[in-house]
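Please look over the structure below with an eye to how its parts are arranged and where they meet. A short briefing follows, grouped by topic.

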Amino acid sequence: MPGKAPAKMAISTTINGQNYDFLCEPRQSLLEVLRDSLQLTGAKEGCNNGNCGACTVLLDGEPVNSCIVLAVEVQGRELTTIEGIANRGELHPIQQCFLEGAALQCGICTPGFIVAAKALLDKKPNPSEEEIRFALAGNLCRCTGYDKIVRSVQAASERIQAGSTPKQNPQPNQTNQQQAQQQQ
Amino acid sequence: MNGSPISYSDKKYKVLGTRPIRHDGTDKVTGRAIYTNDVHFPDMVHGKILRSPHAHAKILSIDTSAAQALDGVLAVITGEDWPHLKDKIAHLGEGAVNLADLSENCMAIDKALYKGHAIAAVAARNVHIAEEALSLIKVEYETLPSVLWVQDAMQDDAPILHEDLRTDYMGAKGDKPTNIATHLQFEQGDVEAALASADVVIEREFKTATVHQGYIEPHNSIALWNEDGKLKIWTSTQGSFTCRQQVAELLQIPLSRVTVTPCEIGGGFGGKIAVYLEPVAALLSRKCGRPVKMVMQRDEVLEATGPTPGSYMKIKIGATKEGKLVAGDAYLAYDAGAYPGGVIGPGCMCVFSCVELPNARVHGYDVCLNKPKTQAYRAPGATQAAFAFESVMNELADTLCICPLELRLKNAAKEGTRRVDGPIYPRVGLIECLEAAKNSDHWNTPLEGKHRGRGIAAGFWFNIGLKSSVSATVNSDGTVNLLEGSTDIGGTRTSIAMQLAETLGIAAEDVHPKVVDTDSVGYTDVTGGSRTTFATGLAAYEVGLDLRKQLCQRAATLWECDVEDVRFDSGTFVGCDNKKITFRELAEQLPEIGEPVVGRASISKDVSTNGFGVHICDVEVDPETGKVRVLRYTAIQDAGKAIHPSYVEGQLQGGAVQGIGWALNEEYFYRDDATMANASLLDYRMPTCYDLPMIDTIIVEVPNPDHPYGVRGVGETPIVPPPAAVQSAIYHACGARMFKLPMSPPKLWKAISQLS
């Protein structure tokens with residue numbers, strides 16, 4: 001019935017390792033609550049009907065489109081959003097490889113791709129190109145043609161397996177800067 | 001498989017051609033970048049639009065009283081709340097618009113012209129209440145017959161969209177109501193005589209479907225009409241200044257009262273130049289006195305923003321038996337959508353743009369029909385035309401048993417070639433791109449296997465110049481802040497900052513680029529037309545020269561010598577007696593030796609940078625289903641000078657993939673009642689990464705004579721060749737020559753079935 005907002009429900013959940021308690025209407029999507037109520041705006045609204053993957057978050061470790069999960073469904077469960085991927089000021093290797101590999105252009109799909117890629121590499125640290133493409137097929141990118149995204153996930157896979165710690169200041173930056181200074 | 005660019009210049013650079021991390025990258029990979037939908041204001045409310053369910057209908061009445069009365073609704077507006085505008089043409093940087101049409105496109109007044117046309121809008125405490133309010137608005141319509149296909153709309157008995165529309169042909173107006181807004185014509189030489197003398201003549205008809213830019217971020221805007229009469233807008237736009245102009249003109253308020261803040265933009269490709277939500281949110285805000293946020297749903301994006309035209313084309317070419325083109329004749333009819341002013345002009349200018357053609361004629365028609373007003377989409381109008389022309393070229397090559405690459409080399413446009421619409425090319429790089437294709441690993445690797453084929457096609461886009469402004473300040477730590485008005489869709493902060501860094505002899509990371517609002521920088525045209533790295537980059541170069549000049553002055557003050565005795569030598573200032581000071585050292589001393597150093601530059605370039613590309617495509621066709629799999633793809637393009645090669649490659653790959661989507665799957669599919677049947681990203685089938693192989697690129701660098709570093713725009717050309725390259729590959733794979741886009745499984749399966 002118009003005008004009568006449904007009663008709100010109290011939800012307790014864990015997001016990026018922290019406890020969250022919030023009130024939401026049963027009709028609100030998880031994406032809406034994350035973005036509008038909890039100010040976690042890293043998950044992006046691209047299509048709002050589960051087709052583009054820009055709002056991908058991990059629910060108990062599984063990638064889901066948060067626009068087609070109801071907020072009330074996360075009661076007692078564990079969420080990871082893009083805000084929880086970097087570790088205390090250090091970018092995750094996937095984020096670092098996306099930067100170095102120029103795997104983003106407009107950037108709106110980037111958080112969703114990184115979260116989906118993390119779900120893949122957490123389960124399968126050494127995926128084939130086919131497996132990467134299959135795992136990311138639910139995430140649409142209109143800018144890059146996917147080439148650099150797939151290559152960056154491959155690079156991240158190698159880096160994670162090599163166990164190298166991600167650097168906060170990317171190497172190519174330093175190289176360029178040093179080069180420019182040397183030449184001055 | 002992306003190597004170093006193939007350079008045709010001896011110039012050596014320190015910064016240009018390197019691959020630094022983009023300045024906004026970390027914000028984007030951490031989810032911290034602020035797009036419009038991420039902006040939140042205290043007291044903000046949410047707007048929603050009621051849209052026409054009919055493709056063509058008279059609006060008899062609108063009753064908003066029940067919506068107004070709903071608890072939580074703060075404002076409702078209809079077409080009656082809009083200033084009544086007379087016809088007036090406004091230039092938006094890339095293309096022009098009639099403001100009266102633009103106004104009606106934002107909100108219908110007495111007629112809905114397409115399914116999804118805005119009829120009314122509400123602002124409410126949250127989106128759910130706003131959606132409920134929409135359901136309470138009662139609209140009485142009288143439905144009218146509608147027309148969806150360009151050739152149908154051109155018939156004398158077609159339903160007429162605009163009773164007062166008359167065909168404009170060479171400046172003269174027609175005398176009867178019509179849907180044909182414009183009839184263009186270009187001609188050079190004697191086409192009939194040349195065709196009569198040709199050894200081979202090929203004539204073919206082509207059709208293409210309506211396709212959408214498909215940016216992942218939907219249109220979204222926030223407006224605050226403040227109590228002081230000033231209007232502030234935060235929005236996803238390719239051009240903050242054209243947005244400001246459109247809003248000011250539509251709402252009939254002074255330009256200076258509108259401030260547009262361009263937030264991060266989640267894709268545009270030409271589709272985020274015209275305004276849709278900004279003036280609606282503004283009127284709602286004025287009515288309720290609060291900031292109003294509006295976000296389109298995906299079906300609204302597809303049904304009510306501007307896709308690129310569907311088209312009907314007929315191409316005739318004549319050639320000697322050696323494969324030298326002697327004449328070309330083209331007929332192009334493009335959808336304008338609901339209002340006149342589609343992209344037929346550039347379509348006509350591009351159709352023969354890759355060849356030298358002494359005798360050529362082009363007729364073009366801009367046709368209104370009951371679909372959303374079409375807009376620019378990456379090389380607007382060129383992809384359709386190239387699909388037709390390049391396909392005919394490939395058929396000519398097959399007919400004459402000449403290699404299609406050799407056929408193109410034999411006829412390639414080059415310096416001095418006159419295009420059919422008049423301009424004569426300066427130094428361009430098509431031949432160099434064809435040579436690069438000829439020498440590529442892809443072209444020289446035999447393609448084996450059943451049902452596999454290889455195709456090739458060339459493409460062209462003008463790449464515009466226009467106006468850009470920047471300002472820059474020198475920080476005492478030796479870095480430079482750069483303010484620019486060009487919104488950054490694909491990494492242009494970095495490609496522009498790198499040009500300033502090169503000019504100052506400092507590192508790319510030592511320039512801090514910022515995209516600022518319309519109050520904070522000089523006028524800048526849209527991020528579109530492949531102009532940003534070229535034109536705003538040129539402004540960055542000019543501001544670098546300005547800073548260099550001022551810093552020479554400061555060095556002279558420091559050394560107590562004449563400024564004439566100080567020169568700048570790649571990052572170092574050199575005075576008499578061989579005194580030297582680096583940019584950074586001098587910057588550190590600036591606070592002690594005079595006023596702060598602030599530079600500015602504005603440029604207005606009325607030139608094209610002329611981008612040519614050549615694509616090679618291998619496919620495998622499944623004859624049982626008609627499904628096409630792209631096996632290998634190489635995009636080759638002249639970038640003039642690739643400032644940041646990774647992002648040039650990204651443009652080539654992204655454009656190629658959009659073109660592949662256009663070629664194989666994407667189309668607006670309409671039901672019998674003229675409503676769109678696939679208005680979602682599940683059913684409007686854009687390529688996913690699972691549909692594609694890696695996209696190889698080869699960057700060719702033939703310097704652009706109109707830029708100090710030789711830069712050409714690169715963003716648009718890569719979408720032009722794919723449909724024709726894929727078409728040819730399909731033909732060589734299975735023998736079916738497709739004349740209609742998309743070459744989707746049902747259509748290809750049917751064509752294959754008819755072969756045997």
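Helix α3 (residues 110-123) of chain A lies across β3 (56-59) and β4 of chain A and runs at about 35° to β3(A), where helices (H or I, at least four residues) and strands (E, at least two) are DSSP runs numbered from the N terminus, and axes are lines fitted to C-alpha atoms, for helices over the stretch in contact (heavy atoms within 4.5 Å), with angles from 0 to 180 degrees between N-to-C directions. This is a predicted model, in which local features need pLDDT of at least 70, side-chain atom pairs count only at pLDDT 80 or more, and totals for chains, interfaces and linings use all residues. Residues are numbered from 1 along each chain as its sequence is written, chains are lettered from A and ligands numbered from 1 in the order in which they are written, and side-chain values use heavy atoms, leaving out hydrogens and water.

**Sheet**
- Five strands form an open sheet in the order β2-β1-β5-β3-β4 (chain A) with mixed pairing, two strands being paired if DSSP finds at least two bridges between them.
- β2 (18-24) and β4 (62-65) of chain A stand at the edges with a single partner strand each, so one side of each lacks a neighbour in the sheet.

**Domains**
- The domain assignment of chain A, automatic or from a database, gives domain 1 (9-84) and domain 2 (93-162).
- In chain A, 14 residues of domain 1 are in contact with 12 residues of domain 2.
- The side chains of Glu62(A) and Lys123(A) meet in a salt bridge (3.2 Å, N to O), defined as a side-chain nitrogen of Lys or Arg within 4 Å of a carboxyl oxygen of Asp or Glu.
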